[in-house]
Amino acid sequence: MSIPALSPPRSAFQAYVAEWLRNPRGDVLSGILVALALIPEAIAFSIIAGVDPQVGLYASFIIAIVIAFVGGRPAMISAATGAMALVMTGLVRDHGLQYLFAATILTGVLQLAFGWAGLARYLKFVPRPVMTGFVNALAILIFLAQLPQFAGEGWQMYALLALALAIIYLLPRVFRAVPSPLVAIVVVSLIAYFAHADVRTVGDMGRLPTALPLLSLPQVPLTLETLGIVFPVALTLSLVGLLESLLTAQLVDERTDTTSDKNTESRGQGIANVITGLFGGMAGCAMIGQSMINVGSGGRGRLSTFVAGVFLLLLILVMQPLLVQIPMAALVAVMIMVSIGTFDWGSLRTLARYPRGETLVMLSTVAVTVATHDLSKGVLVGVVLSALLFARQVSRLSRVSHEDAPDGTRTYHVSGQLFFVSTHDFVHGFDLDRPVTRVVIDLTGAHLWDGSAVAALDKVRSRFAARGLPVELVGLNAASETLLDRLTAGGPAGGH
């Protein structure tokens with residue numbers, strides 16, 4: 001007798017296979033291009049973290065290969081990233097490389113837990129202006145990250161860069177069989193090699209590994225003291241990594257007009273980081289720049305991510321003599337293309353038309369991210385600012401009006417949402433000195449959301465009671481009445 005629960009539905013299996021095979025030619029070519037673009041990034045991020053370049057390169061090809069199988073967003077590229085590297089710096093400096101590997105494994109475990117807990121559902125709390133600011137800030141950071149490559153370079157660097165950009169943007173007008181950035185890298189590398197151009201190459205970035213990494217547990221004491229050292233770093237890494245990965249997944253969703261499973265992606269990131277830590281790599285997450293290269297070059301399936309990881313491994317171990325000859329000018333040109341393509345130029349045209357609050361949120365997200373070089377801080381500021389502006393806007397919609405009856409009864413009609421932001425204006429919406437015999441507060445059009453709203457309502461009732469005026473509450477909806485009863489049990493007098 002078969003047990004259906006132990007085997008996935010045929011339709012789900014077919015969908016998974018389709019994610020691998022629906023676009024093989026485009027995925028292979030785009031994956032090769034991404035692998036070339038990953039090399040300088042992985043080396044640079046290793047330097048930021050204070051570790052040997054091979055740590056970042058090991059992480060990049062391991063994470064890319066693993067996430068191709070277990071991730072929830074086909075065509076998204078994950079590897080070592082700058083945001084994660086910044087978090088690791090202090091741990092490596094103060095405790096050494098082995099503690100970094102331990103933190104990487106724990107990061108993966110935490111991300112697995114967050115994935116199983118469905119943390120991805122909270123991505124809906126990131127407003128669109130924050131997403132726009134996130135994307136624009138990333139484009140700026142990608143561009144700024146290329147500027148150090150020009151330090152000390154002569155005219156040959158600029159000439160090769162201009163040639164590469166010309167190929168990238170002009171070739172697609174007449175030839176689209178191969179991604180133009182890949183053609184640019186090959187052509188510029190050949191010219192630089194045969195012309196003996198005096199320019200910086202990939203080989204000048206740092207020592208590259210010459211062997212596969214070995215499986216091993218981090219050489220750290222298994223004590224509570226060790227846990228106290230690595231846990232804060234691992235928690236930060238896990239949150240930063242998931243934030244960047246889920247936002248990148250959402251961006252790729254929009255660019256490809258498809259959907260993805262964010263909780264599966266969260267768990268996939270966790271699995272990839274656990275395996276990376278066991279093989280001597282640093283923690284990583286999704287890379288927006290490389291993901292945009294992949295998608296922009298035709299990558300749509302899991303095969304593109306897998307090819308990126310495998311070809312990166314081949315470049316490092318098999319084709320290293322050729323790899324080290326690639327001029328940085330060619331790779332800088334590709335990253336400049338990415339920054340231009342990533343930036344949401346339409347957001348500049350709509351600045352004057354959008355509400356000022358949304359514009360402020362977008363610009364604040366960009367400013368904080370660029371200033372700190374930390375995408376998570378920029379997103380956090382944007383989300384908090386959005387929440388404050390939203391609360392302010394909603395609080396303005398609450399109203400208190402009144403009507404008087406011949407018998408001396410004054411009825412106050414309250415409308416809108418009563419919560420901690422709107423309670424100040426609510427309390428001051430009542431005329432306590434009006435000569436009336438009875439007060440009715442009609443809450444049919446209102447809703448009590450929190451303890452601040454209940455406290456404000458109690459304050460109004462208490463003030464009328466102090467003047468000898470009875471207060472009757474009418475029109476409370478069920479949820480508001482339940483909250484009021486729970487928080488005012490044994491409280492001030494006044495029926496409702």
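The structure holds 1 cavity of 30 Å³ or more, where a cavity is, on a 1 Å grid over the protein atoms alone, a set of points where a 1.4 Å probe fits but cannot get out. This is a predicted model, in which local features need pLDDT of at least 70 and side-chain atom pairs count only at pLDDT 80 or more, while totals for chains, interfaces and linings use all residues. Residues are numbered from 1 along each chain as its sequence is written, and side-chain values use heavy atoms, with hydrogens and water left out. Helices (H or I, at least four residues) and strands (E, at least two) are DSSP runs numbered from the N terminus.

**The cavity**

- The largest cavity has a volume of about 50 Å³, a volume being the space filled by probe spheres set on the grid points, which are joined across faces, edges and corners.
- Its lining, made of residues with an atom within 4 Å of a point, consists of Ile 67, Ala 68, Gly 71, Arg 73, Pro 74, Ala 75, Met 76, Glu 265, Arg 302 and Thr 305.
- The elements that give two or more residues to the lining of this cavity are α3 (53-70) and α12 (302-317).
- By class, the lining of the largest cavity has 5 nonpolar, 2 polar and 3 charged residues, where Ala, Val, Leu, Ile, Met, Phe, Trp, Tyr, Cys and Pro count as nonpolar, Asp, Glu, Lys and Arg as charged, and the others, Gly among them, as polar.

- The largest pocket has a volume of about 730 Å³, a pocket being an open set of points with protein on both sides within 12 Å along at least five of seven lines.
- Among the 30 residues that line the largest pocket, Glu 41, Phe 45, Gly 82, Leu 141 and Ala 145 are the closest to its centre.
- Two or more residues of that lining come from each of α2 (24-49), α4 (82-95), α6, α11 (288-296) and α14 (328-342), and by class the lining of the largest pocket has 21 nonpolar, 7 polar and 2 charged residues.
- For the second largest pocket the volume is about 500 Å³, and of the 24 residues that line it, Pro 181, Ile 293, Gly 296, Ser 297 and Met 337 are the closest to its centre.
- The elements that give two or more residues to the lining of the second largest pocket are α2, α7 (155-170), α8, α11 and α14, and this lining has 14 nonpolar, 6 polar and 4 charged residues.

- Helix α6 (residues 128-146) has 19 residues and reaches 28 Å from its first C-alpha to its last, close to the 27 Å expected at 1.5 Å a residue, the expected span being 1.5 Å times one less than the number of residues.
- Of the 19 residues of α6, 14 are buried, so the helix is largely enclosed by the rest of the structure; buried means under 20% relative accessible area, exposed over 50%, and partly exposed in between, with a 1.4 Å probe and protein chains only.
- Ala 120 lies in the loop between α5 (97-116) and α6, and at 8% relative accessibility Ala 120 counts as buried.

**The sheet**

- An open sheet is formed by 4 strands in the order β3-β4-β5-β6, with mixed pairing, and two strands pair if DSSP finds at least two bridges between them.
- At the edges stand β3 (399-404) and β6 (471-474), each with a single partner strand, so one side of each is left without a neighbour in the sheet.
- Strands β4 (residues 409-418) and β5 (residues 438-448) pair in the parallel sense over 9 bridges, and the bridge partner of His 413 in β5 is Asp 442.
- The pairing of β5 and β6 is also in the parallel sense, over 4 bridges, and the bridge partner of Asp 442 in β6 is Val 474.

**Loop residues with positive phi**

- Most residues other than glycine have a negative phi.
- His 196, in the loop between α8 (180-194) and α9 (224-256), has a positive phi near 50 degrees and is exposed, with a relative accessible area of 69%.
- Asp 257, in the loop between α9 and α10 (262-278), has a positive phi of about 55 degrees and counts as exposed at 73% relative accessibility.
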